[in-house]
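Please open the structure in a viewer and keep the selection panel at hand.

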Amino acid sequence: MSAPVATDALVIGAGPVGLFQAFQLGLQDIRCHIVDSLPHPGGQCTELYGDKPIYDIPGLPRCTGKELIERLQTQVKPFAPVFHGGHSVSRLVPQGDGFAVQTAQGLHVQARSVAIAAGVGAFEPRQLPAAGFKPLRGSQVFFAGHDPSVFAGQACLVVGGDGTAIQAALQLCDLSGPNAPTRVGLMHRRDVWDAEPALIERMRQWVREGRLQLHIGQLLEPRLQDQRMQAVDWVSSAGETHTLPCEAIWVQLGLSPQLGPLSEWGLAMQRKQLVVDSASFATSVPGIFAVGDVNTYPGKQKLILCGFHEATLAAFAIAARLRPGERTSLQYTTTSTHLHRLLGVDGR
Ligand SMILES: Cc1cc2nc3c(=O)[nH]c(=O)nc-3n(C[C@H](O)[C@H](O)[C@H](O)COP(=O)(O)OP(=O)(O)OC[C@H]3O[C@@H](n4cnc5c(N)ncnc54)[C@H](O)[C@@H]3O)c2cc1C
């Protein structure tokens with residue numbers, strides 16, 4: 001466990017709304033830390049539709065999910081929020097005049113206020129369905145983003161059917177010398193691929209050349225010897241069962257959002273969403289606010305624009321809580337020299 005980080009505000013989730021929350025907190029002269037289970041900011045915008053255009057962001061007639069996130073990151077830069085990527089918040093309990101927050105990866109934050117912008121949940125890699133693979137995670141079963149050097153000298157299998165899975169398999173085939181796996185297989189449940197035609201053709205070419213083995217079917221269970229996987233049983237799409245030598249699996253099944261521990265933090269919920277007061281976006285626990293897709297209130301719409309509005313009002317409410325007795329007045333970024341100073345601009 002690392003030494004606790006102390007902050008006035010912690011934002012849980014670095015999707016579009018979490019990023020804009022950090023910007024609005026900055027305008028209130030409140031510095032914040034942001035945590036996200038993903039290694040990078042973006043939430044649904046980058047994970048689910050990074051290259052697709054969005055048409056309903058005010059003043060931005062057309063931009064892709066990735067572009068929107070890049071613009072939000074640029075906008076928040078003057079306030080330099082501290083980003084902790086790859087951290088899933090697992091515990092949030094009241095402590096002192098704020099909250100003790102812990103991540104499953106060992107980060108400990110003491111925050112005077114918390115804004116939950118957790119969207120539809122923490123993005124986690126999709127797991128192999130068979131229970132037998134669970135104890136092998138981290139030793140013989142790896143997920144996207146892992147360093148491919150762990151597959152050196154192993155009989156490997158990549159599981160997945162999209163461009164990322166194909167690229168991972170080709171990347172392993174391309175390793176040479178001491179980093180090279182002894183064999184590389186690619187398994188997908190159907191011979192239908194969600195990837196660019198040129199990439200699919202390259203994969204098929206490498207299969208024809210014998211560099212890559214293609215298996216159309218699904219994994220059943222691992223075959224263990226002394227608790228180490230030596231092979232896997234799998235069933236083909238025709239229903240035939242086979243055994244394949246396999247010492248390491250690279251799971252490339254994409255990400256799925258998991259609401260996870262949020263439901264255990266003692267906050268009022270309705271249909272898996274946090275109930276908030278739509279004047280301040282306060283949850284049922286004073287000091288904890290919820291913005292974006294994670295919250296619910298009468299008239300709620302899961303739109304980025306609505307999340308931006310919520311983050312703005314939540315920032316005013318957080319400022320009022322952190323500075324009791326002080327008036328939190330509305331100021332315009334066009335005319336306020338105070339806001340210009342915070343933004344580091346001269347306003348001309
Ligand atoms: C295909 C598709 C198209 C869409 N198109 C549009 C559109 O055109 N216009 C529009 O307005 N909206 C659109 N939306 C909806 C829009 O993407 C969401 O409203 C928006 O992403 C919500 O932002 P958010 O920041 O609240 O949550 P998210 O984008 O879901 O981000 C939440 C972040 O919180 C993190 N997180 C969650 N739990 C934890 C935890 N415990 N610890 C650490 N991190 C955690 C997650 O990893 C994630 O990165 C679309 C959605 C989809 C799926």
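Begin with the ligand and its shell: select α1 (16-27), β2 (32-36), α2 (43-47), β9 (122-125) and α6 (304-322), each of which supplies at least two residues of the shell around the ligand. The model in view is a predicted one.

Next, select Gly13, Gly15, Gly43, Gly119 and Gly292. Of the 37 residues around the ligand, these five glycines come nearest. How many residues of the shell are nonpolar, polar and charged? Colouring the shell by residue class shows 21 nonpolar residues, twelve polar ones and four that are charged.

**The two domains**

Now colour the protein by domain. Domain 1 consists of two stretches, 5-124 and 256-343, while domain 2 covers 127-253. Between the C-alpha centres of domain 1 and domain 2 the distance is 37 Å.

**The sheet of seven strands**

Select β10, β16, β11, β12, β13, β14 and β15. In that order, these seven strands form an open sheet with mixed pairing. Which strands stand at the edges? They are β10 (141-143) and β15 (241-245), and each of these pairs on one side only. On average, neighbouring strands of this sheet are turned by 35° against each other, if direction is ignored.

Strands of a sheet pair through backbone hydrogen bonds, in either a parallel or an antiparallel manner. Zoom in on β10 and strand β16 (residues 248-251): three bridges connect this pair, in the parallel sense. Within the pair, select Phe142, which has Trp250 of β16 opposite.

**Two packed helices**

Two packed helices are described by the angle between their axes and by the distance between the axes. Select helix α4 (residues 163-174) together with helix α5 (residues 197-208). Their axes lie 10 Å apart, and the helices pack at an angle of about 40°. Because of this angle, α4 is oblique to α5. The crossing of α4 and α5 is left-handed.

**The sheet of three strands**

For the last stop, select β18, β19 and β21, which in this order form an open sheet of three strands with mixed pairing.

Finally, select strand β19 (residues 273-275) with β21: the two run parallel and are joined by two bridges. Val275 has Thr296 in β21 as its bridge partner.

Technical notes. Residues numbered from 1 in each chain as written. Predicted model: local features only at pLDDT ≥ 70, side-chain atom pairs only at ≥ 80, totals over all residues. Domains from an automatic or database assignment. Pairing = 2+ DSSP bridges. Helix = DSSP H or I, 4+ residues; strand = E, 2+ residues; numbered from the N terminus. Axes fitted to C-alpha atoms, helices over the stretch in contact; angles between N-to-C directions. Near = placed C-beta within 6 Å. Nonpolar A, V, L, I, M, F, W, Y, C, P; charged D, E, K, R; others polar. Parallel < 35°, antiparallel > 145°, perpendicular 65-115°, else oblique. Left-handed = near helix turned anticlockwise from the far one by under 90°.
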